[in-house]
Amino acid sequence: MNSLFSAPVVDTHVHFWDLKKFQYQWPTSEIKELYRNFLPDDYLDAVKEVPDIKNAIFVQVHNGTIKENDWVLEFVKSHKWIVGMVGWVDLTDPDVEDILVHYAQSDRFLGVRHITELEPSDWLGREDVHRGLKLLEKHGLTFDILLRPHMMDFVPQLAPKFPKLSFIIDHLAKPKIKEKEIEEWKTKMTLAASYQNVYCKLSGMVTEADWENWSIEDLKPYVQHCVKVFGAARCMYGSDYPVFSRTTAKYKDVFNALVKCLEDCTSAEEREDIFCNNAVRIYKIKAELNKESLA
């Protein structure tokens with residue numbers, strides 16, 4: 001198996017969870033494909049057919065405990081290929097700055113995410129949340145913003161209010177790919193892209209498509225619109241491991257699908273940026289990248 005890229009790929013969206021260690025709000029027992037432990041060794045098994053994968057960034061799963069941060073930071077001691085984490089803190093906590101300062105001492109702590117779908121619809125508009133976002137901005141951390149199309153109106157409110165905070169839209173804001181709904185989403189993504197501190201993670205597409213019958217052609221118009229409006233320099237690859245396991249896709253399918261979607265709208269150099277270089281710049285990765293294949 002030959003590598004597609006000369007630079008080491010960074011998978012910017014990987015989840016681990018341990019059902020015995022934490023009580024998660026999601027996934028629930030009804031989601032049989034995901035209701036088991038997923039740990040770093042499972043990820044290594046999943047990527048064994050993709051020699052380009054050399055580094056990964058963990059993204060939070062648990063709204064409610066900073067202990068998940070500590071748990072993942074323990075992993076990096078024996079899994080150096082986990083070059084960063086997007087953790088969780090309670091942005092509304094009066095002591096949140098002290099908590100951020102504590103975690104920012106680790107070169108692996110890159111930013112914060114909060115699963116907004118588990119909150120009331122006005123959560124991103126709250127002033128106590130904004131106070132927390134201001135502190136992320138102050139300390140040079142990022143904010144992964146998890147949205148659906150109906151929530152996209154928050155982007156033009158937040159991006160100019162916190163111009164030095166990097167907002168990273170996860171999963172293309174979860175467009176309704178299965179339903180082929182695209183025009184309103186395109187308009188909102190175009191507006192979001194007009195703010196230079198907003199970035200797009202090319203991840204999670206197959207989960208929004210037809211789980212049993214998705215195709216690269218289904219994903220392509222969504223991916224290519226993001227590249228058009230954000231530019232290749234503000235897009236990053238993420239697998240959304242293991243959430244894609246709800247579909248027929250394997251890791252290699254997710255990886256190859258994005259490569260194919262990008263082939264006729266980007267140069268080889270731009271694809272290398274999307275899969276490799278942009279993550280280092282946007283997330284300000286400080287750890288030395290692993291250059292050996294995880295396969």
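I took contact to mean heavy atoms within 4.5 Å. Helices (H or I, at least four residues) and strands (E, at least two) are DSSP runs, numbered from the N terminus. The model is predicted, so I note that local features need pLDDT of at least 70 and side-chain atom pairs count only at pLDDT 80 or more, while totals for chains, interfaces and linings use all residues. Residues are numbered from 1 along each chain as its sequence is written, and side-chain values use heavy atoms, with hydrogens and water left out.

Entry: H8 and H9.
I looked up which residues of H8 meet H9. On the H8 side they are Ile216, Leu219, Lys220, Val223, Gln224 and Val227, and on the H9 side Ala257, Leu258, Lys260, Cys261 and Leu262. I counted eight nonpolar, one polar and two charged residues in this contact. Here Ala, Val, Leu, Ile, Met, Phe, Trp, Tyr, Cys and Pro count as nonpolar, Asp, Glu, Lys and Arg as charged, and the others, Gly among them, as polar. The axes of H8 (residues 216-230) and H9 are 9 Å apart, at an angle of about 60°. Axes are lines fitted to C-alpha atoms, for helices over the stretch in contact, and angles run from 0 to 180 degrees between N-to-C directions. H8 and H9 are therefore oblique to each other. Angles under 35 degrees count as roughly parallel, over 145 as roughly antiparallel, 65 to 115 as roughly perpendicular and the rest as oblique.

Entry: H9 and H10.
I found that the axes of H9 (residues 251-262) and H10 (residues 268-283) come within 10 Å and cross at roughly 150°. The two helices are therefore roughly antiparallel. Phe255, Leu258, Val259 and Leu262 of H9 make the contact with Arg271, Ile274 and Phe275 of H10. Six of these residues are nonpolar, none is polar and one is charged.

Entry: strands.
I checked burial next, with buried meaning under 20% relative accessible area, exposed over 50% and partly exposed in between (1.4 Å probe, protein chains only). Six of the six residues of S1 (residues 9-14) are buried, so S1 is largely enclosed by the rest of the structure. S1 runs parallel to S2 (residues 53-59), joined by four bridges; two strands pair if DSSP finds at least two bridges between them. Val10 has Asn55 in S2 as its bridge partner. S4 (residues 109-114) and S5 also pair in the parallel sense, over four bridges, and His114 is bridged to Ile145 of S5.
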